[in-house]
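User: I would like to learn how to read the features of a structure one at a time, with the general idea first and the particular case after it. Could we begin once the sequence and structure are in view?

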Amino acid sequence: MGTDAAAASKGRRVLRGLAALAVTAALTAAAGGDRVRDYPQGDGIALPLEASTSGFEHAQVGAEYWVSGPLPDNGTARPLTVLRMRVLRVPEGLEVVHYGTVTLRQTGGYLIGVTPDLAVGPARPFVVAPHDRAGAYVWVRVRVTGPVRGRLSGCRFWYRQGAVEFRQDVGCETVIRLGSPLRGA
């Protein structure tokens, strides 16, 4: 009889464990589930025409450069908060080191494409007013590991409007090529 009692006790523990997993899964799904797959597709981010392509043709193997992401516009009548941005395609010869955020005030109001030196803060969310241009944008720190075969391209934004978080892919492209170093660099 001792074996039956032990087996029954073990069965109850297994059932309690399965019930706890089911509750955890339900709570995770209610909270947004897998952060990559479960964001609904958004269309709130609009890009200005001048946000097409930037480039730098003086890169050196082993050097690191800051590459700007696109400056997003809010194409909706509600404010949106940009949570983060990531480059979707990183070509052979480049690796992403990390992401940061810069305000337009820090760059004198200019959208800079690629630069070796810039005081970029940590990646942090920023708000874009309805039908307005952002006052900040995301920067990507890249390291050149060899000849660059392709372009940094495609940008994925995650943003929040009200209580809903969205993801949206937008076009962005940066060409980085090896070349003679710039004077003073």
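User: Which handedness does the link of C155 and C172 have?

Analyst: The general idea comes first: a disulfide is a covalent bond between the sulfur atoms of two cysteines. Here a disulfide is called when a pair of cysteine sulfur atoms lies within 2.5 Å. The link of C155 and C172 is right-handed, with 90° about the S-S bond, and the two sulfur atoms are 1.9 Å apart. C155 belongs to strand 11 and C172 to strand 12 (residues 164–178), so the pair ties together parts that are 17 residues apart in sequence. A search of the whole structure finds one disulfide. Before going further, note that this is a predicted model, in which local features need pLDDT of at least 70 and side-chain atom pairs count only at pLDDT 80 or more, whereas totals for chains, interfaces and linings use all residues. Residues are numbered from 1 along each chain as its sequence is written, and side-chain values use heavy atoms, with hydrogens and water left out.

User: How many helices and strands are there in the chain?

Analyst: Helices (H or I, at least four residues) and strands (E, at least two) are DSSP runs, numbered from the N terminus. By that reading the chain has one helix and 12 strands, and from the N terminus on the order is α-β-β-β-β-β-β-β-β-β-β-β-β.

User: How do strands 11 and 12 run relative to each other, parallel or antiparallel?

Analyst: Two strands pair if DSSP finds at least two bridges between them. Strand 11 and strand 12 run antiparallel and are joined by nine bridges; W158, for instance, has R167 in strand 12 as its bridge partner. The two strands form a hairpin with two residues between them, and G162 in the turn has a positive phi of about 65°. Strand 2 (residues 53–59) also joins strand 12, but these two run parallel, over five bridges, with A59 standing opposite L178.

User: Which residue of strand 10 stands opposite E64?

Analyst: E64 stands opposite R143 in strand 10, and E95 likewise stands opposite R143. Strand 10 pairs in the antiparallel sense with strand 3 (residues 64–68) over five bridges, and with strand 6 (residues 92–103) in the antiparallel sense over 10 bridges.

User: How many residues of strand 10 are buried?

Analyst: Buried means under 20% relative accessible area, exposed means over 50%, and partly exposed covers what lies in between (1.4 Å probe, protein chains only). Strand 10 (residues 136–149) is mostly covered, with 10 of its 14 residues buried, while 38% of the 185 residues of the chain count as buried. In a regular strand the side chains alternate between the two faces of the sheet.

User: How many aromatic pairs does the count come to?

Analyst: Rings of Phe, Tyr and Trp (its six-membered ring) pair if their centres lie within 6.5 Å, and planes under 30 degrees apart count as stacked, over 60 as edge-to-face and the rest as tilted. The count comes to four aromatic pairs. One of them is Y39 with W158, edge-to-face at 6.4 Å centre to centre and 70° between the planes. This pair links distant parts of the chain, Y39 in the loop between helix 1 (2–30) and strand 1 (45–46) and W158 in strand 11 (residues 152–161), 119 residues apart. Both Y39 and W158 are buried. The rings of Y137 and W139 have centres 5.6 Å apart and planes at 35°, so that pair is tilted.

User: What sits over the ring of W158?

Analyst: A charge sits over a ring if NZ of Lys or CZ of Arg is within 6 Å of the ring centre and within 35 degrees of the ring normal. The charged end of R84 sits over the ring of W158, 4.3 Å from its centre. In another such case, R86 lies over the face of Y99, at 4.1 Å from the ring centre.

User: Which residues does T81 contact, leaving aside its neighbours within four places in sequence?

Analyst: Contact means heavy atoms within 4.5 Å. T81, in strand 5 (residues 80–89), is in contact with P125, F126, V127, W158, Y159 and R160, leaving those neighbours aside. T81 counts as buried because its relative accessibility is 16%. R89 also has its place in strand 5, but R89 is partly exposed, with a relative accessible area of 47%.
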